[in-house]
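Work through the exercises below with the sequence and the model side by side. Try each task before reading its solution.

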Amino acid sequence: MCGIVAYIGEKEAYPIIVEGLKRLEYRGYDSAGVSILNGKINTVKKKGKVLDLENVASSVDLEGNLGIGHTRWATHGKPDDLNAHPHHSDDDNLTLVHNGIIENYLSLKTFLTERGYNFKSETDTEVLVNFIQEVKNTEKVTLEEAVRRALQKVVGAYAIVVFDKSEPDKIVGARKSSPLVLGVGENEYFLASDASPIIKYTKKVVYLNDEEIVTVPRQGEFSIKTIDNESTTPTIHELDLKLDEIEKAGFDHFMLKEIFQQPFTIAESMRGRINADKGWVSVGGMRPYTNRFSKTDRIIMVACGTSWHAALIGEYLFEELARVKTEVEYASEFRYRNPILSEGDVVVALSQSGETADTLAALEIAKEKGCLLYGLVNVVGSSIARMTDCGSYIHAGPEIGVASTKAFTSQVTVLTLMALNMGYERGTISESEYHSLIYALSDIPAQVERVIAKNEQIKYIAGEIRSASNALYLGRGYNFPIALEGALKLKEISYIHAEGYPAAEMKHGPIALIDMYMPVIVIATNKSAYDKIVSNIQEVKARKGIVIAIVTEGDEKIKKMADYTIEIPDTLDPLTPLLSVIPLQLLAYHIAVMRGCNVDQPRNLAKSVTVE
Ligand code: G6P
């Protein structure tokens, strides 16, 4: 969480930093700040969004061509002006921004307090900047050396950028478990949490590795060292990202744009991996490990949030099509419970950002046990993409709305391809089923388009239930994870309490909540359990619940029972989630807009969760 932007070069730093912070606001948005070094240090910090910062910044002198900025998601200390970054050292020489958590900050703070340091904020970041200052003063070393020595004693996660008034021609950055990208321009450099603030100025980037420290001079070449003082030779990557991919393109919100992009993004995630005419599926990332995938007895999927819901669909797909035992784990639980792992296991990590701290930590554990690590990641060059043995990018393009939509459908698409690929290799799927699924899958983008065309009808239903305080989502089989995902979408952006349940479990608890005020969204497209779903709808209606049913086109039976129905095109059961999730995304979106919520930046959430 938290976004960092830094600039050193010949241009005015402030506009570049503020524009970059706006692009990174998805990482956190409870306060923001900028410091510019121009002989003296000018800092402005403000609780709230980057826009609030801009309002106060207009009256401050922020001229200069070296600066750092930050948009915060609070960990240590409440979100207010004082705790906002950047933070200065006690003697006002050093200025630092930080993303992550310094776990041993209390012992460092006690040490520094005994040495006479004063603290203005409650943050671990202010402890870190003072600790670097202490090392610099006592050991009489350069800024980069002080950073290196200080970080050797730091426990925790960090991406930092720091400058020093007494060494005014450089900035120093470092990372461990939180991302940091260096942009290499013409006579200018950028540092940022991701490439989006950089892309306008240069396509050349270096992704810093864990425990690397970069020294970026005003003129000349940058250099990278490890925390153990070894110089490294950086690889400069060419960014494959276009500016319009990170703009709203006429939509009111990023989330709506991303929902509407899904016919295209699902197709992108299949590109080169499926051929419906010739009837084959081939997932490049699996190819070098075909043997491992064919022989494995067990797949473990680790993920968080929406990615965890995609993984749950993966479990249904892998078990049904490839007949391989599949377990889905919350990364945060898996990492702390001493899981039983063996070398033959394949661990698949799903992550839109590729930076989620718990998912990364789960992978570390699996790596130690010799499992094969497979990454299903959206952000190219992210930490998970780099630390896994193999994997597939889902190619959904930048997802900026905090509530994940298009990344979810792309994850599910690639999981379907993987399960088909594996099922074919293992001989667990019949030729006819294999071909029917390939054929139906290649039709999904056009079918998603047809669901999106129902936007106005879904908006109308949203208007009918917008005032609800609770909502229940029910689904069976492949649609059970969609019930969870639908409920998550609603609660994260509209703040309506919502729960997803396997439809049959309703009678073991949630049925007690049903009354005439309770909207119950039932995903009722399963061919295999149709009659059972119909019974569940009757149970809800008998208790006067408001039923919104997602049904297959032409379903007249449920239409007669439900208060509202949304039809989706017919497809095979394993592919239904790719269609049934779309109306739930739109429903949540419209309800949130109608309730006046900030759809793209819901309260307390952040898109990239790089803390535990
Ligand atoms: C946060 C985001 C969610 C996301 C989850 C996992 O909670 O708000 O949208 O699903 O993190 O993120 P990942 O990047 O690992 O998929």
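**Exercise 1.** In which loop does Lys-140 lie? Find its place, its backbone angle and its exposure.

Solution. The model is predicted, so local features need pLDDT of at least 70 and side-chain atom pairs count only at pLDDT 80 or more, while totals for chains, interfaces and linings use all residues. Residues are numbered from 1 along each chain as its sequence is written, and side-chain values use heavy atoms, with hydrogens and water left out.

Step 1. Lys-140 lies in the loop between helix H4 (124-139) and helix H5 (143-152). Helices (H or I, at least four residues) and strands (E, at least two) are DSSP runs, numbered from the N terminus.

Step 2. The phi of Lys-140 is positive, about 50°, although the residue is not a glycine.

Step 3. With a relative accessible area of 70%, Lys-140 is exposed. The classes are buried (under 20% relative accessible area), exposed (over 50%) and partly exposed (in between), with a 1.4 Å probe and protein chains only.

**Exercise 2.** Is Val-18 buried or exposed? List its contacts as well.

Solution. Step 1. Val-18 is placed in helix H1 (residues 13-24). Step 2. Its relative accessibility is 4%, so Val-18 counts as buried. Step 3. Leaving out residues up to four places away in sequence, Val-18 touches Val-34, Val-50 and Glu-54. Contact means heavy atoms within 4.5 Å. Step 4. Asn-38 is 20 residues from Val-18 along the chain, and their C-alpha atoms are separated by 17 Å.

**Exercise 3.** Why is helix H7 described as largely enclosed by the rest of the structure?

Solution. Step 1. H7 covers residues 262-270, and seven of these nine residues are buried, so the helix is largely enclosed. Step 2. The buried residues are Gln-262, Pro-263, Thr-265, Ile-266, Glu-268, Ser-269 and Met-270. Step 3. Their cover includes helix H6 (254-260), strand S16 (274-275), helix H13 (406-426), helix H14 (431-452) and helix H19 (576-594). Step 4. Just after H7, Gly-272 has a positive phi of about 80°.

**Exercise 4.** How do helix H15 and H19 cross?

Solution. Step 1. Two packed helices are described by the angle between their axes and the distance between the axes. Axes are lines fitted to C-alpha atoms, for helices over the stretch in contact, and angles run from 0 to 180 degrees between N-to-C directions.

Step 1. The axes of H15 (residues 455-465) and H19 come within 8 Å and cross at roughly 50°. That makes H15 oblique to H19; angles under 35 degrees count as roughly parallel, over 145 as roughly antiparallel, 65 to 115 as roughly perpendicular and the rest as oblique.

Step 2. On the H15 side, residues including Ile-458, Ile-461 and Ile-465 take part, and they meet a set in H19 that includes Leu-586, Leu-587 and Ile-591.

**Exercise 5.** How many disulfides does the structure hold?

Solution. Step 1. A disulfide is a pair of cysteine sulfur atoms within 2.5 Å. Step 2. The structure holds zero disulfides. For Cys-2, the nearest cysteine sulfur belongs to Cys-304 and is 17 Å away. Step 3. Cys-2 counts as buried at 6% relative accessibility, and Cys-597 counts as buried at 14%.
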